[in-house]
Amino acid sequence: MKTIVMKFGGTSVATPEKIIGVAKRAIREKEKGKRVVIVVSAMGKTTDTLLGLAGEISSEPPKREMDMLLATGEQVTISLLAMAFKKLGHEALSFTGWQAGIETESVPRNARIEQIHTERLERVLENGYFCVVAGFQGVDKIGNITTLGRGGSDTTAVALAAALKAEKCEIYTDVNGVYTSDPRYVTGARKLQQISYDEMLELANLGAGVLHPRAVEFAKNNHVPLSVRASYSDEPGTIIQEVITMETNLIVRGVAFEPGVARVTVTYKKPFNGSLANIFNKLAENQIDVDIIVQSISDEFPPSVSFSISQESLEETRRVLMESQEEIGFLSMNVEVALSKVSIVGSGMVSNPGVAARMFDILRSEEIPVKMVSTSEIKISVVVPEIEMTKSANALHNAYGLSEEELIEDTSKFSLNTSS
Ligand code: ADP
Ligand code: ASP
Ligand code: MG
């Protein structure tokens, strides 16, 4: 018998009525002869409420206790959903992360799943029950509850699908698929029928909150057929797979963006050999995630390095660097906040020169200052002021013809002010 994993996010389980709706939807799948595992998030904005509660006790609550607290959100949903199945005449059992055998590394608030002991779920599924599993949580080797990072229920679902060798994993949410950009902020964003794992991974990593990046990573590494679809309709959603067969000529497939970026510039003494390593080792030791790094060396000015981090980790970064200023050997540190990162993503960029030039041209014509740039084979990101984030995303989305389903096949269509 084939297994399917269905995941429902916070909005899709926000009320008891919606939870009953989820049970009905899962029953329809079971009636097709499938074994069904359902992964759920905390109801509505529960996780935010729990974060707020902790914030009222302490500005730096112990991370272990945060995991303990946040994991309770999903536990409410699993029990209610299992009750809904019973009410509808079906057998179901709910499982927390550890009961479902989800073992993670010991990194509070952002743990990676290491392995899943599926024996118990397999047994329960074989007996014809629905398995209802709490998303976003697991247990480390010494028995501490861990959580997987915001949005991590997607990862629970895909990891379970891989471990149970499910035929597919469906992510049910409040949009009917993956769009060319976040439809809440970008006018004319349209649903994609398909997207490749690699493009989806970039979009997710660059701020497209519709999927947790590690969920996409798991799906890619384990060849899990993955789709994103609406919990409020039966429309087919977006399929995420290795190779796409539609709209293959699109150079840019999506625009992603994220606010809350800070730029730190450290100016150091000459000679500076080793200073880069000192700075970034110190940050790594403290598990501070650094994104874009730009070094600047000239004969006129002291050497400096700028890097971007999330604004949330700014205070910790400042403290870590200042505490070891002597040891690292730098002169001064400047900080710029209220920045954002806007990115264009598409596999078609690999073989198309001029995409970056075009991007800078569009931003210049909108008078948007670019503070930092980073590129990879299939994406270009720019750091711009946060107040310009939505405007930048809309301008790029339009300029690359994403809303009009117009295929941009080559860069000869681009008119670069710089080259004429
Ligand atoms: P859930 O609670 O179901 O996990 P999320 O809020 O995590 O839902 O993800 C769905 C949201 O992701 C959408 O409401 C949408 O605003 C946002 N989003 C961001 N980028 C995209 C995109 N490219 N396509 C679709 N939705 C996107
Ligand atoms: N409840 C968690 C969050 O809000 C996990 C999830 O919904 O995926 O981030
Ligand atoms: Mg989500």
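**Around the ligands**

Reply: Thr 173 counts as buried because its relative accessible area is 15% (buried means under 20%, exposed over 50% and partly exposed in between, with a 1.4 Å probe and protein chains only). The model is a predicted one, in which local features need pLDDT of at least 70 and side-chain atom pairs count only at pLDDT 80 or more, while totals for chains, interfaces and linings use all residues. Residues are numbered from 1 along each chain as its sequence is written, chains are lettered from A and ligands numbered from 1 in the order in which they are written, and side-chain values use heavy atoms, with hydrogens and water left out.

Thr 173 belongs to strand β9, which covers residues 168-173 (strands are DSSP E runs of at least two residues and helices are H or I runs of at least four, numbered from the N terminus). Residues up to four places away in sequence aside, Thr 173 touches Ser 12, together with Val 228, Arg 229, Ala 230, Ser 231 and Tyr 232 (contact means heavy atoms within 4.5 Å). The side chain of Thr 173 is also joined to that of Asp 174 by a polar contact of 3.3 Å. A polar contact is a pair of N or O atoms within 3.5 Å; within protein, one must be able to donate a hydrogen and the other to accept it, and residues adjacent in sequence count only if both atoms are side-chain atoms.

Thr 173 and Asp 174 bring us to ligand 1, since both are listed among the closest of the 16 residues that surround this ligand (a residue counts here if one of its heavy atoms lies within 4 Å of the molecule). Tyr 179, Asp 182 and Arg 184 complete that list of the closest residues.

- Asp 182 uses its side chain, where a polar atom lies 2.8 Å from an oxygen atom of ligand 1.
- Arg 184 likewise has a side-chain N or O atom 2.7 Å from an oxygen atom of ligand 1.

An unreviewed UniProt entry gives the feature "binding site" at Thr 173, Asp 174, Tyr 179 and Arg 184, and also at Lys 7, Phe 8, Gly 9 and Gly 10. Positions from this record are given in the numbering used here, its feature names are shortened, and its annotations may be inferred rather than shown by experiment.

With a relative accessibility of 16%, Gly 10 is buried. Apart from neighbours within four places in sequence, Gly 10 is in contact with Ser 41, Ala 42, Met 43 and Gly 44.

Around ligand 2 are Ser 41, Ala 42, Thr 47, Glu 74 and Phe 136, along with Arg 150, Gly 151, Gly 152 and Ser 153. From Ser 41, a polar side-chain atom lies 3.0 Å from an oxygen atom of the ligand. Nitrogen atoms of ligand 2 are approached by polar side-chain atoms of Thr 47, at 2.8 Å, and of Glu 74, at 2.7 Å.

The unreviewed UniProt entry places a "binding site" feature at Thr 47 and Glu 74 as well. These two residues cluster in space although they are spread over 28 residues of sequence, with a largest C-alpha distance of 8.7 Å. Thr 47 is part of helix α2, whereas Glu 74 is found in helix α3 (residues 63-87). Thr 47 is buried at 10% relative accessibility, and Glu 74 is buried with a relative accessible area of 2%.

The contacts of these two residues complete the picture. Leaving out neighbours within four places in sequence, Thr 47 is in contact with Ala 42, Leu 70 and Arg 150. Glu 74, not counting residues up to four places away, touches Val 40, Ser 41 and Ala 42, then Ala 134, Gly 135, Phe 136 and Gln 137, and also Ser 153.
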